[in-house]
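Here's a quick briefing to read alongside the sequence and the model. It covers a pocket and then a few residues worth a look.

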Amino acid sequence: DVEITNIVTKKTERKKGIGKLLLDKLIEMAFTLKKDISLEVNEKNEAAISLYKKAEFEEVGIRKKYYNGCENAIIMTKKFTS
């Protein structure tokens with residue numbers, strides 16, 4: 001499987017589609033390899049969650065108090081295998 005641990009763009013370069021381009025390339029590579037992709041995202045990171053949902057990632061779980069002992073992580077996956 002493929003696990004995305006971080007996709008980051010410089011603050012001054014955000015909202016230019018760079019994150020989407022990076023994610024699209026990772027999805028393309030995973031599809032070619034027939035590997036599922038998983039990630040976790042802070043429940044308060046609405047921009048990232050929106051990006052992942054548009055790319056058809058599904059929410060599959062929650063890690064309670066994962067960030068700083070107080071904020072939850074949403075676990076998301078995109079499957080290419082059965």
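The largest pocket has a volume of about 750 Å³. It is lined by 26 residues, and those closest to its centre are Ile7, Asn45, Ala47, Ala48 and Leu51. Keep in mind that this is a predicted model.

**What the pocket is made of**

- Sorted by type, the lining residues of the largest pocket come out as eleven nonpolar, eight polar and seven charged.

- Is Asn42 buried or exposed? Its relative accessibility is 15%, and buried means under 20%, so Asn42 counts as buried.
- The side chain of Asn42 makes a polar contact with the side chain of Glu71, at 2.6 Å.
- Setting aside residues up to four places away in sequence, Asn42 touches Ile49, Tyr67, Glu71 and Asn72.

**Glu59, in β3**

- Look for Glu59 in strand β3, which runs over residues 58–67.
- Glu59 has 44% relative accessibility, so it counts as partly exposed; that class sits between the under 20% of buried and the over 50% of exposed.
- Which side chain does the side chain of Glu59 make a polar contact with? The partner is Lys53, at 3.1 Å.
- Not counting residues up to four places away in sequence, Glu59 touches Lys53, Ile74, Ile75 and Met76.
- Glu59 and Leu39 are 20 residues apart along the chain, and their C-alpha atoms are separated by 9.7 Å.

**Thr77, in β4**

- Thr77 lies in strand β4, residues 71–78.
- With a relative accessible area of 12%, Thr77 is buried, because the cut-off for buried is under 20%.
- A polar atom of the Thr77 side chain lies 2.9 Å from the backbone oxygen of Ile37.
- Ile37 also turns up among the contacts of Thr77, along with Ser38, Glu56, Phe57, Glu58 and Val60, leaving aside neighbours within four places in sequence.

Note on methods: Residues numbered from 1 in each chain as written. Predicted model: local features only at pLDDT ≥ 70, side-chain atom pairs only at ≥ 80, totals over all residues. Heavy atoms only, no water. Helix = DSSP H or I, 4+ residues; strand = E, 2+ residues; numbered from the N terminus. Buried < 20%, exposed > 50% of the residue type's maximum accessible area, 1.4 Å probe, protein only. Contact = heavy atoms within 4.5 Å. Polar contact = N/O pair within 3.5 Å; in protein donor to acceptor, adjacent residues only side chain to side chain. 1 Å grid on protein atoms, 1.4 Å probe; cavity = no way out; pocket = protein on both sides within 12 Å on 5 of 7 lines; lining within 4 Å. Points joined across faces, edges and corners; volume = space filled by probe spheres on them. Nonpolar A, V, L, I, M, F, W, Y, C, P; charged D, E, K, R; others polar.
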